[in-house]
Amino acid sequence: METFQDYHGDTVRLAFEKNSFSKPAKHVLAICRYKGQWLLTKHKQRGLEFPGGKVEAGETLEEAVRREVQEETGAILGEVQLIGEYEVESKDGSFVKAIFYGEAKELQNNAYYYETEGPQLVGQDLLEKRFGEEFSFIMKDSVIEKSIRFIGFPTEDSHFNFVKGLAQK
């Protein structure tokens, strides 16, 4: 488990395994790709970020991540993999978010994208671009970099092995 401070100075604990914290994840983050590019959404207030949000009553984490990605980007995910969880602890309390990786198999046009302006595709150099002012504070945190590196990017060979491993499960 790694511990660090986020963009706002809150304490973040990150673990690349399931059920790492005393409370269950009630939020999801979807690190996803579509046709070789990173699939983000443009939040109306925060800027570019990976899709995600709260788990609704009666939903599993996987159902929530699929719904959030579809609502915010129009994407239909293929297989998804839970890669880890992180807990954010602030003066106002704490929450746990589950991190998923998935590849979109289809990108549909939504009539409405909720609190976002729809899908945004970003090339391979996301780890460098994410510090631009058009990106959300969420993208600037170590959770994003560490998750992308855990998946195996930017090294294409390790990505292939990670995705190959998904297909064998």
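**Fold and cores of the predicted chain**

Among contacts (heavy atoms within 4.5 Å) between residues at least 6 apart in sequence, 65% join residues at least 24 apart. The model is predicted: local features need pLDDT of at least 70, side-chain atom pairs count only at pLDDT 80 or more, and totals for chains, interfaces and linings use all residues. Residues are numbered from 1 along each chain as its sequence is written, and side-chain values use heavy atoms, with hydrogens and water left out.

The chain holds five helices and nine strands, taken as DSSP runs (helices H or I, at least four residues; strands E, at least two) numbered from the N terminus. Their order along the sequence is β-β-β-β-β-β-α-β-β-β-α-α-α-α. Along its principal axes, the C-alpha trace spans about 40 × 35 × 35 Å.

A nonpolar core is a set of buried Ala, Val, Leu, Ile, Met, Phe, Trp, Tyr and Cys residues joined through side-chain atoms within 4.5 Å. The largest has 24 residues; Ile 31, Trp 38, Leu 40, Phe 50, Leu 126 and Ile 148 touch the most other members. Helix α4 gives the most to this core, with four residues. A second, separate core of 17 residues includes Leu 39, Ala 64, Leu 77 and Ala 104.

Asp 125 lies in the loop between β9 (116-122) and α2. Asp 125 is partly exposed, with a relative accessible area of 35%. The C-alpha atoms of Asp 125 and Phe 150 are separated by 16 Å.

Note on methods. Buried < 20%, exposed > 50% of the residue type's maximum accessible area, 1.4 Å probe, protein only.
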